[in-house]
Amino acid sequence: MTASTHWLATACAQAVLERGGNAFDAAVAGAFVLHIVEPHLNGPGGDMTGVFVTASEPDAPRILMGQGPAPKNATIERYRSEGLDLVPGSGVLAAAVPGAVDAWLVLLRDYGTWELSDVLAFALGYARDGHPILGRVVATITSVATLFTEHWPTSAAQWMPDGRLPQAGDLVTNAAWARSLDRLLAASADAAVATREGRIDAARQEWREGFVARAIVDFGRTPHRHSSGTDHAGVMTLADLAGFEASIEEAVTVEFRGYTIAKTGAWGQGPALLATLMILDSFSDEYLDPSTALGAHTILEAQKLAIADREAYFGDTTVPLNYLLSADYAATRRALITDAASHEFRPGIVPGHAPYYPVLRTDYTTESLLEQGAGSSAGVGEPTVAAPASAAPSRTVAEPETLSTGELRGDTCHIDVVDRWGNMVSATPSGGWLQSSPTIPELGFCLGSRLQMTWLEPGAPSALTGGKRPRTTLTPTLVLKDGQAVTALGSPGGDQQDQWQLLYLLRTIVGGYTPQQAIDAPAFHSTSFPGSFWPRTWQPGGAVVEDRLGDAVITELEQRGHRITRAGDWALGRISAVTREPQTGLLQAAANPRGAQGYAAGR
């Protein structure tokens, strides 16, 4: 079974399974297709995280760590000296070392069975021969057309050839990326090694030390426009690129209602979902129904507390997770939840650790951005699903992707695969989307903007530090029962990823929903904490809801003090999932219907 955010990625991954490949072969094939067909949401220059189990060790969830660090020269002092008070949301100063490609190749090398050339054949075909471009991709290109033509000419050449905007359904190619894939495969084939693993490592070396690394560094030396409204050159070096290797890590887990939930470490936001589950675990079931006002209120309040701790303590540093995920600590946090919505930022107190209190901005402007007018920040953040920071109660966002500033946030890609043997993987690739920085013409892709999740304030757990990973929002989930993986799920959505996944977990584990019913059900999320993306604003007491939650529920949430933004009937949530019943081997898959783009398949 395969489920992903684009039907072509699902189809290609499923083709691998049909031809005898395992879940890891299939996931890698599908992921490289996602680079092609959802370029506004991810790219080869971005990052990814995954969580998986193997059929041989079904009770040992592992993390595929594809989050690159900040370049060594990316320091608070350097960025402050360039007149910045935040890491920009677009431009190469926001770029971490690319981690996605190396991570996928490590997964293929260590757990897959196919040759690299066979796995990449699907993506290479779509890059060389073309694929029908999505209307959402066209909308993204349109929103940044002025930025491309005036400041990022290499991006204009790739996405607006001859100055013409594409139309939805046009056959679009990426010849430069096809040539790059060919060169990586040539390096693999030319390697004087006799093993499949050695051939994959040869391609990895070419990526990290060869033509890809050289092109990235050379291109970054030329200053270009950033979301700050000012021009800057990059700081990435050949040593930065050569020094990063993706890795396999142990997952962080908690128990909830008889299930084990596995997430990344605190260099990602994953443990905040685990903390939310710990807070909610002692409530009776009536408090855990997302479709009621009581349940939605309780869930929103628990999320605020857990995510405040994310901001106060999480980062690529020593994080006291044993304490933050303990039952005793959860009880102290649970006691703060009342019948009224909190508008405060309330991290907890951890012995021996001082909580970091971020700058709390309800809006953000600069003179340079105002001079350039609306749309100047169109390339920043994660694409789609953003609530206006200053939205009034019950404000309706008719189409979340067309905010007046052009700012696009809150989405990425996702893929889940389970095979006949019980291998299961959930992965969220992101970053390096076409609007994050100028296209590198020799390579056919651009760098990501994950460093915007770091702070330029010393002492913050996620402060910008050369060689340290930014605290990523990428957060896939694995669910185990009685020592066997039963569900792999995940979602695009930036800060919303785990909030939406929490609703799925509560509806399936507590409410008895089927996977598709849980995905289809009305979604909501909180905005009552600093956003992870530039310009890092927040809305005290804010909550964004789908109108299908119902007028009575929404009215009661407002009466409890939540500042509600209505997003439309089918606007929030991007979850996909695959499941396996260990006793029978029955496999299922489910995908998000919103946007008519996600797809689940299998047999």
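Two strands pair if DSSP finds at least two bridges between them. The legends below describe close-up views of a predicted model.

**View A. Strand E19 pairs with strand E20.** E19 (residues 576-581) and E20 (residues 586-590) are joined by 5 bridges. Their pairing is antiparallel. Within this pair, Arg580 sits opposite Leu587 of E20.

View C. E15 (residues 484-490) and E19 run antiparallel. The two are joined by 4 bridges. Here Leu489 stands opposite Ala577 of E19.

**View D. Strand E19 is mostly covered.** E19 spans residues 576-581. Of its 6 residues, 5 are buried, that is, under 20% relative accessible area.

**View E. Helix H14 crosses helix H20.** H14 covers residues 293-313, and H20 covers residues 551-559. Their axes come within 9 Å and cross at roughly 45°. H14 is therefore oblique to H20. The crossing is right-handed.

**View F. Residues in the contact of H14 with H20.** H14 contributes Ala293, Ala296 and His297. H20 contributes Val553, Glu556 and Leu557. By class, the contact has 4 nonpolar residues, 1 polar and 1 charged.

Note on methods:
Residues are numbered from 1 along each chain as its sequence is written. This is a predicted model: local features need pLDDT of at least 70, side-chain atom pairs count only at pLDDT 80 or more; totals for chains, interfaces and linings use all residues. Side-chain values use heavy atoms; hydrogens and water are left out. Axes are lines fitted to C-alpha atoms, for helices over the stretch in contact, and angles run from 0 to 180 degrees between N-to-C directions. Angles under 35 degrees count as roughly parallel, over 145 as roughly antiparallel, 65 to 115 as roughly perpendicular and the rest as oblique. A crossing is left-handed if the near helix is turned anticlockwise from the far one by less than a right angle, and right-handed if clockwise. Contact means heavy atoms within 4.5 Å. Ala, Val, Leu, Ile, Met, Phe, Trp, Tyr, Cys and Pro count as nonpolar, Asp, Glu, Lys and Arg as charged, and the others, Gly among them, as polar. Buried means under 20% relative accessible area, exposed over 50%, partly exposed in between (1.4 Å probe, protein chains only).
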